[in-house]
Amino acid sequence: MISKFEINSLNPQIKEQVQHIINHKTKPLGALGILEDLALRICLIQETVSPKIASPTVVVFAGDHGITQEGVSPYPQEVSWQMVMNFIAGGAAINVFTKQNGWDILVVDAGVNHDFDPALPLQHLKVAKGTQNFLHSPAMTKAQLDEALEKGTNLVKQIHAKGSNCIAFGEMGIGNTSAAAAIMHKITGIAMEACAGRGTGLNDEGLEKKIAILKQAIINNPAYTPEEILQTFGGFEIAMIVGAMLSAAQQKMLIVVDGFIVSSALLIAHALYPQILDYCVFAHQSDETGHKQMLQFLKAKPLLNLNMRLGEGTGAALALPIIQASVNFINEMSSFESAGVRESEDR
């Protein structure tokens, strides 16, 4: 299933032309810093010297996790569906930030343990009512994994077909920091103590218990390939994000990567298709334990560090004005020649 994607590395054919345009804007060389790197990347993804951000979309995937039966979160599982209703009502942080910064937003039931009214403005893609408890068995079956990947893939195809070329993913699911920590540990080899954090607010005793449970789960359920790791420890929302990311890269969309949970999905996608990183911009460094080392493992430089750890895609939503600024400067800023300004002789 996962092997069907065709993701190409960026074509460097216009790189020299784009860099020349950037270097001859009315500014000192390199003076716009990361904005210059970002503009170059977007030009190469879109294969144009006149890039644009069209219909940027945040997709928030929600799913429940059987591991919550072990008390790894201070919040009860029903918060997952209650927060989905909050997203639909427009009352969550992600709603505020998408509205402020010009993103479209879609909310997806990937596997919430709740029966939603079919009439709700929700993408009804439920695989099952939550995963199994991965302390005792794999979180999902191979068939369920394939279904989640396929649904994430097809949703992004639909979004792209409607004209979007920039996409970000958010998530909601009580217990999903445990799933992400297990994935991080298995993919990177980093000690569980450095992967597992407080999530929604565990105290010291709760964190110690969470780490012990995750260590035991790793022993109980061996998993080696990226697919096995995702099937064993992932959530339906994480699996859908993996499929969605790979689909977005195949469609040559700009992928704006959010925090800890979304980055765990990227760890799987990257293990399968390393070239996916060509299409990724990292919005921020989450304050959740482990995200900094995730970013270091991926050799990623985040645009923001606001000490946030909310999830939902909030960090990605806040990054859009910076991304748009990088596109605007290359399209609208004068060159030395067009402005009649004398250039440095060192150029």
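How far is the sulfur of cysteine 43 from the closest cysteine sulfur? The gap is 14 Å, to cysteine 166, which is too far for a bond. Do keep in mind that this is a predicted model, where local features need pLDDT of at least 70, side-chain atom pairs count only at pLDDT 80 or more, and totals for chains, interfaces and linings use all residues. Residues are numbered from 1 along each chain as its sequence is written, and side-chain values use heavy atoms, leaving out hydrogens and water.

**Cysteines**
- Searching the whole structure turns up zero disulfides (pairs of cysteine sulfur atoms within 2.5 Å).
- Cysteine 280 is in no disulfide either, as its nearest cysteine sulfur, in cysteine 166, lies 11 Å away.
- Cysteine 43 is buried at a relative accessible area of 0%, and cysteine 280 is buried at 3%; buried means under 20% relative accessible area, with a 1.4 Å probe and protein chains only.

**The sheet**
- Six strands form an open sheet with parallel pairing, in the order β3-β2-β1-β4-β5-β6; strands are DSSP E runs of at least two residues, numbered from the N terminus, and two of them pair if DSSP finds at least two bridges between them.
- β3 (123-124) and β6 (280-282) stand at the edges with a single partner strand each, so one side of each has no neighbour in the sheet.
- Strands β1 (residues 57-63) and β2 (residues 104-111) run parallel and are joined by seven bridges, with glycine 63 partnering glycine 111 in β2.

**Isoleucine 276**
- Isoleucine 276 is buried, at 0% relative accessibility.
- Beyond neighbours within four places in sequence, isoleucine 276 has contacts (heavy atoms within 4.5 Å) that include Ile7, Met245 and His270.

Note on methods:
Helix = DSSP H or I, 4+ residues; strand = E, 2+ residues; numbered from the N terminus. Buried < 20%, exposed > 50% of the residue type's maximum accessible area, 1.4 Å probe, protein only.
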